[in-house]
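Subject: A structure for you to look at

Hello,

Here is the structure I promised to hand over. Please open it and keep it beside this email as you read.

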Amino acid sequence: MSLVYETFHIEGKVISKDNARHFNKYGRSYLPKKFKDYENNVAMQVKPQVRKIYSCDIVVYTDFYMKNKKHCDLCNLTKSLYDSLNGILWVDDRQIKECALRVIYNKLALEGARITVLKKDNIW
C-alpha cells in the first residue's frame, strides 16, 4: 500500500494560543484580535494549497521553524495553528487521531510551519 499524503506550508511566526480566557464587559468569552488576525493569515495561506477538506480521521506531522529557542510551549503552538485550519484543511481538529510535533531552529530561515496530513487508514 502506498502512503497518500499532502504537505502544507505556512510562513510567519506561529503564535501560541494560551489557556487564558478573555471576557468582554458582558462576561462573554471572546477571541482577542491578535488570534483572529493570525487565524485569518493562516487561512489565507493554506486555502490556495488545499485540494479537498479532510472529513475522515487523520494523522498530522507538524514542523515549527523558529529563529531562536525563545518560544512558548510546543503544545500551545498547535492550538492556534490547528484551530486556524478548522473548516479549511479539515472539518474539525478533533479528527486528528495522531500527531508528531517538532521544532527546528535555524537563525537564517524564515519562521513558520509545515504540516503533513495523512488519512489514518493509510497508516494501519
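In which helix does Ser84 lie? Ser84 is in helix H2, which covers residues 74–84. Helices (DSSP runs of H or I, at least four residues) and strands (E, at least two) are numbered from the N terminus.

Two notes on how to read all this. This is a predicted model, with residues numbered from 1 along each chain as its sequence is written. Local features need pLDDT of at least 70, side-chain atom pairs count only at pLDDT 80 or more, totals for chains, interfaces and linings use all residues, and side-chain values use heavy atoms, with hydrogens and water left out.

**The overall layout**

The protein has two helices and four strands. Along the sequence they follow the pattern β-α-β-α-β-β. Of the 124 residues, 34% are buried. Buried means under 20% relative accessible area, exposed means over 50%, and partly exposed is in between (1.4 Å probe, protein chains only). The accessible surface comes to about 8,000 Å². Carbon and sulfur atoms account for 53% of that surface. These areas come from the Shrake-Rupley method with a 1.4 Å probe, and for residues only the protein chains shown count as cover.

Now take contacts, meaning heavy atoms within 4.5 Å. Look at those between residues at least 6 apart in sequence: 82% of them join residues at least 24 apart.

**The strands**

Two strands pair if DSSP finds at least two bridges between them. Strand E1 (residues 5–11) and strand E4 (residues 112–119) run antiparallel, joined by seven bridges. There, His9 stands opposite Arg114 of E4. E1 has two faces. Glu6, Phe8 and Ile10 make up the covered face. Tyr5, Thr7, His9 and Glu11 make up the uncovered one.

Strand E2 spans residues 58–66. Seven of its nine residues are buried, so E2 is largely enclosed by the rest of the structure. E2 runs parallel to E3, with nine bridges between them. Phe64 has Val103 in E3 as its bridge partner. E2 also pairs with E4, in the antiparallel sense, over eight bridges. In that pairing, Val60 stands opposite Val117.

**Helix H2 and Ser84**

Several residues of H2 are buried: Asn76, Leu77, Thr78, Ser80, Leu81, Tyr82 and Ser84. Their cover includes E1, H1, E2, strand E3 (96–105) and E4.

Why does Ser84 count as buried? Ser84 counts as buried because its relative accessibility is 4%. A polar atom of its side chain lies 2.6 Å from the backbone oxygen of Ser80. Leave aside neighbours within four places in sequence, and Ser84 is in contact with Tyr38, Glu39 and Val42.

**One aromatic pair**

Rings of Phe, Tyr and Trp (its six-membered ring) pair if their centres lie within 6.5 Å. Planes under 30 degrees apart count as stacked, over 60 as edge-to-face, and the rest as tilted. By this rule the count is one aromatic pair. Tyr82 and Trp90 form that pair. The geometry is edge-to-face, at 5.6 Å centre to centre and 90 degrees between the planes. Both partners are buried: Tyr82 has 6% relative accessibility, and Trp90 has 0%.

**The cysteines**

A disulfide is a covalent bond between the sulfur atoms of two cysteines. The cut-off here is a pair of cysteine sulfur atoms within 2.5 Å. How many disulfides does the structure hold? The structure holds zero disulfides. Cys75 is in none, and its nearest cysteine sulfur is that of Cys99, 7.8 Å away. That is too far for a bond. Cys75 is partly exposed, at 48% relative accessibility. Cys99 is partly exposed too, at 46%.

Gln45 sits in helix H1 (residues 33–46). Gln45 is partly exposed, with a relative accessible area of 21%. Gln45 and His9 are 36 residues apart along the chain, and 7.9 Å separates their C-alpha atoms. Not counting residues up to four places away in sequence, Gln45 touches His9, Ile10 and Glu11.

Asn68 is in the loop between E2 and H2. Asn68 counts as partly exposed, at 41% relative accessibility. Asn68 and Tyr105 are 37 residues apart in sequence, yet 6.2 Å apart in space, C-alpha to C-alpha.

Best wishes

Note on methods:
A polar contact is a pair of N or O atoms within 3.5 Å; within protein, one must be able to donate a hydrogen and the other to accept it, and residues adjacent in sequence count only if both atoms are side-chain atoms.
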